[in-house]
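Thank you all for coming.

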Amino acid sequence: MIYKVSVIVPVYNVEHYLRKCLDSLINQTLKEIEIIIVNDGSTDNSQIIIDEYYLKYDNVKSIIQKNQGLSEARNTGILNASGEFLAFVDSDDWIDKEMMDEMYNLAKKHSAEIVICSLQNIDNHGKLLKKLPELHQLPEKIDLTQDFMIFGEMSCFACNKIFKRELFENIFFPKNMHFEDVATIPRLFLKAKTIAKTNKFYYQYLIRTGSITRNYTIKGIHMFDAIEIVKLDFNKSCYNKNIKDWNKFIIFQGFYCFLAYYAYVKDITSRRQMFSRLKSILKNENISRKEILFYNRFGKNYLSTLSIKKIVFYILQLIKL
């Protein structure tokens, strides 16, 4: 079979969630999909579950590797994919059955290299916690050569998109890096010309209630390593004259998103190192306090869209710069 979409699923110790994820992929209305499951050194019963699907369905590919982290599991999937487009689904999440069908059709309709949908956070009981709309303000087709605004305003999720496989030539997710999506997804946009999107909330992102799913540490400083990787590609791209959009990318990812992580770091020494790196990159990129304060995202001042508590936090950090 010639596959239209290869869906890459990295797996690490998710036996309690994996069946729901895989069932959502098996039941896609788009039948020409390849499901590549990469077991990244799981020590639970995940592989037993994977084997069940591998033996039952011809379009399921099972790969086992020693534990190397999310990025390397995705990279293994990329190297083994044969589909026209690639998608990434985390093994504790699930997707609506029409997701791949509509997104692939949008790609063909608009000759788009990337297609985007919206996400929503769901708890263990299936309760909706938060909707995460993606680009609802923009048209179904976005010509980046005419309007590159999206680059400085988008969220860098890998999971709510499909990508033309050729975009990944010479691009992989960096190993052992927090914010691996920030280091990778913008680089794919820099190689694209046309984006398509649907406003439907197809991707269901599980928030595991009652558990701590992330440790906030000095690794948050990797945000700036990710930005430096993207900058190399930006400077070589056909979009390198769009300096305003590059500055907005720095402000959104390097200030607002970084500080949203930094706020939860407890270690004082780590916080000092991280804030010092923040000051350094803003200075090197000639980003002023005024630009940060009046940063607009999709036509609205970003600070004005936040809660009073968050506004106060960001203003206090601006004063410290």
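This is a predicted model: local features need pLDDT of at least 70, side-chain atom pairs count only at pLDDT 80 or more; totals for chains, interfaces and linings use all residues.

Let me start with two tyrosines: both Tyr256 and Tyr302 are buried, where buried means under 20% relative accessible area, exposed over 50% and partly exposed in between, with a 1.4 Å probe and protein chains only. Residues are numbered from 1 along each chain as its sequence is written, and side-chain values use heavy atoms, with hydrogens and water left out.

Tyr256 and Tyr302 form an edge-to-face aromatic pair, at 4.9 Å centre to centre and 70° between the planes. Here rings of Phe, Tyr and Trp (its six-membered ring) pair if their centres lie within 6.5 Å, and planes under 30 degrees apart count as stacked, over 60 as edge-to-face and the rest as tilted. This pair links distant parts of the chain, since Tyr256 is in helix H7 (residues 243-262) and Tyr302 is in the loop between strand E12 (300-301) and helix H10 (308-320), 46 residues apart; helices (H or I, at least four residues) and strands (E, at least two) are DSSP runs, numbered from the N terminus. Both tyrosines also belong to one aromatic cluster, together with Phe252, Phe255, Tyr295, Phe313 and Tyr314.

How many aromatic pairs does a search of the whole structure find? The search gives 29. For Phe85 and Tyr104, the ring centres are 5.8 Å apart and the planes at 90°, so this pair is edge-to-face. Phe85 lies in strand E4 (residues 85-88) and Tyr104 in helix H4 (residues 99-110), 19 residues apart, and both residues are buried.

Turning to helix H5 (residues 180-191), its twelve residues should span 16 Å at 1.5 Å a residue, and the end C-alpha atoms are 18 Å apart, which agrees; the expected span is 1.5 Å times one less than the number of residues. Eleven of the twelve residues of H5 are buried, so the helix is largely enclosed by the rest of the structure.

Finally, the chain has ten helices and twelve strands. Buried residues make up 53% of its 321 residues, and the C-alpha trace spans about 60 × 45 × 35 Å along its principal axes.
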